[in-house]
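Welcome! Please take a moment with the sequence and the 3D view before reading on.

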Amino acid sequence: MRDISGVKNLINGLTRPNVSTCSQVFSTGSTELDDHLGGGFRREAVHEIFAADTRQTQSAEGFALGLALRSQPNNLVWVMQTRAFSEAGVPYGPGVEDWGLQTRSLVLVTVRDAAHLLSAGEEALASGAADAVLLSAWGDSPAFTLTASRRLAMAASRGRSTGFFVRAAAQPAP
């Protein structure tokens with residue numbers, strides 16, 4: 001396991017093409033859903049996905065990964081809370097490649113708690129090196145506040161990254 005400076009160096013070593021010509025939204029692949037969302041999901045924003053109980057965790061993770069890949073990332077940073085990693089399992093490299101993402105373009109980070117998840121996610125989003133950042137949290141935490149959400153949103157805007165925040169065994173709350 002690396003410390004945060006090692007993770008920062010790894011993320012900053014990613015290469016990223018000029019994204020200034022990208023649309024501000026990306027399609028879900030469903031016209032009906034895209035119309036409801038005003039054209040699709042916004043880039044340079046953070047989208048939250050909730051799995052209400054543990055049985056829905058893999059579905060929520062797969063949905064978030066699918067959305068991340070629909071945004072056509074060259075580089076994906078996936079930050080997993082240790083509990084989520086233990087309960088839901090680790091991404092399978094050949095399976096991720098079957099979905100269209102090269103494992104050399106994937107940085108997988110595990111952190112011990114919600115505060116570290118938010119910190120690593122904010123760093124990855126703001127870095128400018130990651131096109132998409134997937135955060136996998138487990139359970140409710142007092143660290144998940146409106147301030148934390150705003151910090152992630154601002155980091156996504158600064159870094160021109162799109163974030164997907166999966167919360168398993170948690171309830172949506174402002």
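This report looks at salt bridges and a surface patch.

## The model and its salt bridges

What you see here is a predicted model. A search of the whole structure turns up five salt bridges, and three of them are described below.

## E44 and R160

Let's begin with E44 and R160, whose side chains form a salt bridge at 3.1 Å, N to O. E44 sits in the loop between β2 (41–42) and β3 (46–51), while R160 sits in the loop between α7 (146–159) and β7 (162–168), so this pair ties together parts that are 116 residues apart in sequence.

How covered are the two partners? E44 counts as buried because its relative accessibility is 18%, under the 20% limit. R160 has a relative accessible area of 32% and is partly exposed.

## D140 and R167

Another salt bridge joins the side chains of D140 and R167, again with a distance of 3.1 Å, N to O. This pair links distant parts of the chain, 27 residues apart: D140 is in the loop between β6 (132–138) and α7, and R167 is in strand β7.

D140 is exposed, at 51% relative accessibility, whereas R167 is buried, at 5%.

## R112 and D113

The side chains of R112 and D113 also meet in a salt bridge, at 3.9 Å, N to O. R112 is exposed, with 63% relative accessible area, and D113 is partly exposed, at 26%.

## A nonpolar patch

Finally, have a look at F85, V90 and L108, which make a nonpolar surface patch of about 230 Å². F85 belongs to helix α4 (residues 82–88) and counts as partly exposed, at 30% relative accessibility.

Note on methods: Residues are numbered from 1 along each chain as its sequence is written. This is a predicted model: local features need pLDDT of at least 70, side-chain atom pairs count only at pLDDT 80 or more; totals for chains, interfaces and linings use all residues. Side-chain values use heavy atoms; hydrogens and water are left out. Patches are made of residues with over 30% relative accessible area and no salt bridge: like charges are joined within 9 Å, nonpolar side chains (Val, Leu, Ile, Met, Phe, Trp, Tyr) within 5 Å. Accessible areas come from the Shrake-Rupley method with a 1.4 Å probe; for residues, only the protein chains shown count as cover. A salt bridge is a side-chain nitrogen of Lys or Arg within 4 Å of a carboxyl oxygen of Asp or Glu. Helices (H or I, at least four residues) and strands (E, at least two) are DSSP runs, numbered from the N terminus. Buried means under 20% relative accessible area, exposed over 50%, partly exposed in between (1.4 Å probe, protein chains only).
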